[in-house]
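Here is a short note for a colleague who has not looked at this structure before. The points follow below the display.

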There are 2 protein chains.
Amino acid sequence: MSISDKVQKSMAQGSWIRRMFEEGASLKRQYGEENVFDLSLGNPEMEPPAEFREELKRLVEKPLPGMHRYMANAGYPETRAAVAEQLSLETGIKFTMNDVVMTCGAAGAMNVVLKTVLNKGDEVIIFAPFFPEYINYVDNHGGVTRIMPTDEQFMPKLDILETNIGAKTRAVLINSPNNPTGVVYSEGLLRQLGQLLREKEVQYGTQLFLISDEPYRRIIYDGLKYPFPLLHHPQSIIATSHSKDLALPGERIGYIAVNPECSQREELVNGLIYCNRTLGYVNASALMQRIVSRLQAVTVSVAEYQRKRDFLYGHLSEMGYSMVKPQGAFYLFPKTPLEDDVAFVRELQQWQVLAVPGSGFGSPGHMRISYCVNDRTLGGSLEGFRKAAEKVKGG
Amino acid sequence: MSISDKVQKSMAQGSWIRRMFEEGASLKRQYGEENVFDLSLGNPEMEPPAEFREELKRLVEKPLPGMHRYMANAGYPETRAAVAEQLSLETGIKFTMNDVVMTCGAAGAMNVVLKTVLNKGDEVIIFAPFFPEYINYVDNHGGVTRIMPTDEQFMPKLDILETNIGAKTRAVLINSPNNPTGVVYSEGLLRQLGQLLREKEVQYGTQLFLISDEPYRRIIYDGLKYPFPLLHHPQSIIATSHSKDLALPGERIGYIAVNPECSQREELVNGLIYCNRTLGYVNASALMQRIVSRLQAVTVSVAEYQRKRDFLYGHLSEMGYSMVKPQGAFYLFPKTPLEDDVAFVRELQQWQVLAVPGSGFGSPGHMRISYCVNDRTLGGSLEGFRKAAEKVKGG
């Protein structure tokens, strides 16, 4: 065999999701790209903010000597300092550049964090529904994923969490605003979660990391102020990116920020820098580091995303879809009118509408709808959502 | 402890190299950056070719819609096709875009390849002296590194290799032109190596991959034509980058190319694309992919590097240093006049000259000198090399 047993097995497990993507691609070939309403991808159609283009232009017109060379594996001091300054402003915690490591997006950030902290067999807790790559990331570094349930509002059930944290638990990984549900964890919930983690640290004599994957942090609605998970547990780490807030997912630019109050912070940060190197990322893109260091206070139009959310949430509610109204990110996660979410998503395909079955996120009976698309696609999808719902209700 | 046992152990093992770097940094603080002759880093001071700046400018002035979005994990079809076309031209083998995966540099490429092909405990053979990160890369994915010797010309000893390939051997990883020695493997050697691998494949009923790490492929001297390892073994993979040939190490842009004659090629390429995603690289930088797709035939000034090689090789030879004259890359790897290479490198530091002990590459009694620096640094280092050699000979 040309590939490892493990990779083969995990590719085969993911293959029905791939099959659905292929079915979508085949629909596009059949009906033409513009006649298929693809709400299956978290790939924003919005362009980066004007400030991004200006910074890029400025650098291209007046290049700095050596600006494409290697730098320290942690990134440029000025970029790390800019991130630290903005985080200090937003959180009220005093970050310095020594708390920040620039990374190849949030995916790179998470792999670096997990590689750094996990011993073989250590458990990482995530909550369903979850971003399915988490399972791969944990497995890459010898860890074991444990999946915990959420309530009707997609909030972690802390009573169940409590009985499942044990001596092997190394980290709890959360994602607020959440992919795929769009919900934002409240300050109250985070406070209770932090308290629980510290109680368990005492009980087992362990360090329990709270890892916060927060690339949608800036994309929140209704005037909400982002409740930072880091405020509620000292042993905590942000793993995030500018893929969504600056609409740069293809450029792979993100960072890790360690809570300055974390115990053994220096050892931890040195470990992160070391693993950023040895996992083969080496450093985050030199050019992107220069640019984002000047764009820490800039975000794409959140009002635009809120408008899209309101549009789709309103229409789907009217059609009878049942869902939690999300306060962030750019996803809806309604219940599917059929219990079999894969069957319902196939039904939607009949109307040239593409969504992702909740089963792909560990929550069958739901589907993920991405609304980070243009208005024509959004509007065009409505008929399919209506027809598919009517048909399965009629049947 | 905040970091894993394994990361802590491997950081501690590498710590003497780090200590030497720190001693270098402290010298720079003490004497001023311009008075320290740092030949310790493979970080080219040359700027990218003019064509790079033009392409970047063109894209910035006329941005393509969606040019910073996610694309397929393998990269843009046009970029993969451009790489395939250039490789076909250079090798005479017919590559298509389906044989190419764009990656986060050669380090990303190698991690993706190793993750894809290694089962736990599989052995990967490398030759000393070697780029020390190889050991981390193999270990990241559950493999075991086996280190084989080279001869006086730094060519693999095939007779010893032959007796060491066993049923657990999965791959032989080579690097020509070589870091740290600068030597280029001859066609004759590669032919014998390929033959040996196929004999062993038959003997053990295994697939033996030849992985060729070749970022210095274009940086070769004396009118040499690059002997492509891929021509001599069908089960072979290139893992490379544009860090050196386009002087873009900080931008992390490289690729994997699979020999089209490789058995189970499609499964292998699908595995590579999958691992590029699940290891958290996701995709190579969108912007860099666009640019390098138009620069496949462009290279930095090789004449300039050859001039630097001739300068330093000539002077060091005259001073009595003994070394193989390298035909590629931008390193010299002389024997140290003291058997204790660490002691000799410390001696050089007394003269504000920085080099890396051969022990860091698995070959004590040598040192690596990088000449990818400006002429002032190169010229300024000569006195230190002379004085240090005289002193230890005198002593």
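1. B:Gly320 is partly exposed, with a relative accessible area of 48%; the label covers what lies between buried (under 20% relative accessible area) and exposed (over 50%), with a 1.4 Å probe and protein chains only. This glycine, B:Gly320, sits in the loop between helix H11 (302-318) and strand E9 (331-332) of chain B. Its C-alpha atom is 9.0 Å from that of B:Arg386, and the two residues are 66 apart along the chain.

2. On the basis of the note: this is a predicted model, in which local features need pLDDT of at least 70 and side-chain atom pairs count only at pLDDT 80 or more, while totals for chains, interfaces and linings use all residues. Residues are numbered from 1 along each chain as its sequence is written, chains are lettered from A and ligands numbered from 1 in the order in which they are written, and side-chain values use heavy atoms, with hydrogens and water left out. Helices (H or I, at least four residues) and strands (E, at least two) are DSSP runs numbered from the N terminus.

3. How can chain A be laid on chain B? A turn of 180° and a shift of 0.0 Å along the axis do it, with an RMSD of 0.0 Å, by least squares on the C-alpha atoms of residues with pLDDT of at least 70 in both. The two copies are therefore related as by a two-fold rotation axis. Of the interface residues of chain A, 100% are also interface residues in chain B, so the copies meet through the same surface.

4. Helix H3 (residues 50-61) of chain A and helix H3 (residues 50-61) of chain B have axes that come within 10 Å and cross at roughly 150°. H3(A) is therefore roughly antiparallel to H3(B), a term for angles over 145 degrees; axes are lines fitted to C-alpha atoms, for helices over the stretch in contact, and angles run from 0 to 180 degrees between N-to-C directions. The contact (heavy atoms within 4.5 Å) is made by A:Leu56, A:Lys57 and A:Val60 of H3(A) together with B:Leu56, B:Lys57 and B:Val60 of H3(B). By class, these residues are four nonpolar, no polar and two charged; Ala, Val, Leu, Ile, Met, Phe, Trp, Tyr, Cys and Pro count as nonpolar, Asp, Glu, Lys and Arg as charged, and the others, Gly among them, as polar.

5. Within chain B, the axes of helix H5 (residues 105-117) and helix H9 (residues 265-278) come within 9 Å and cross at roughly 120°. The contact includes B:Val112 and B:Val113 of H5(B), and B:Leu268 and B:Leu272 of H9(B). It has six nonpolar, three polar and one charged residues.

6. Helix H6 (residues 133-140) of chain B is mostly covered, with six of its eight residues buried. Among them are B:Tyr134, B:Tyr137 and B:Val138. B:Glu133 also lies in this helix and is buried, with a relative accessible area of 8%. Which residues does B:Glu133 contact, leaving aside its neighbours within four places in sequence? They are A:Arg277 and A:Thr278. Just after H6(B), B:Gly142 takes a positive phi of about 80°.

7. A:Met46 is found in the loop between strand E1 (37-38) and H3 of chain A. A:Met46 is buried, with a relative accessible area of 19%. Leaving aside neighbours within four places in sequence, A:Met46 is in contact with A:Ala247, A:Val300, A:Ser301, A:Glu304 and A:Tyr305.

Note on methods. Angles under 35 degrees count as roughly parallel, over 145 as roughly antiparallel, 65 to 115 as roughly perpendicular and the rest as oblique.
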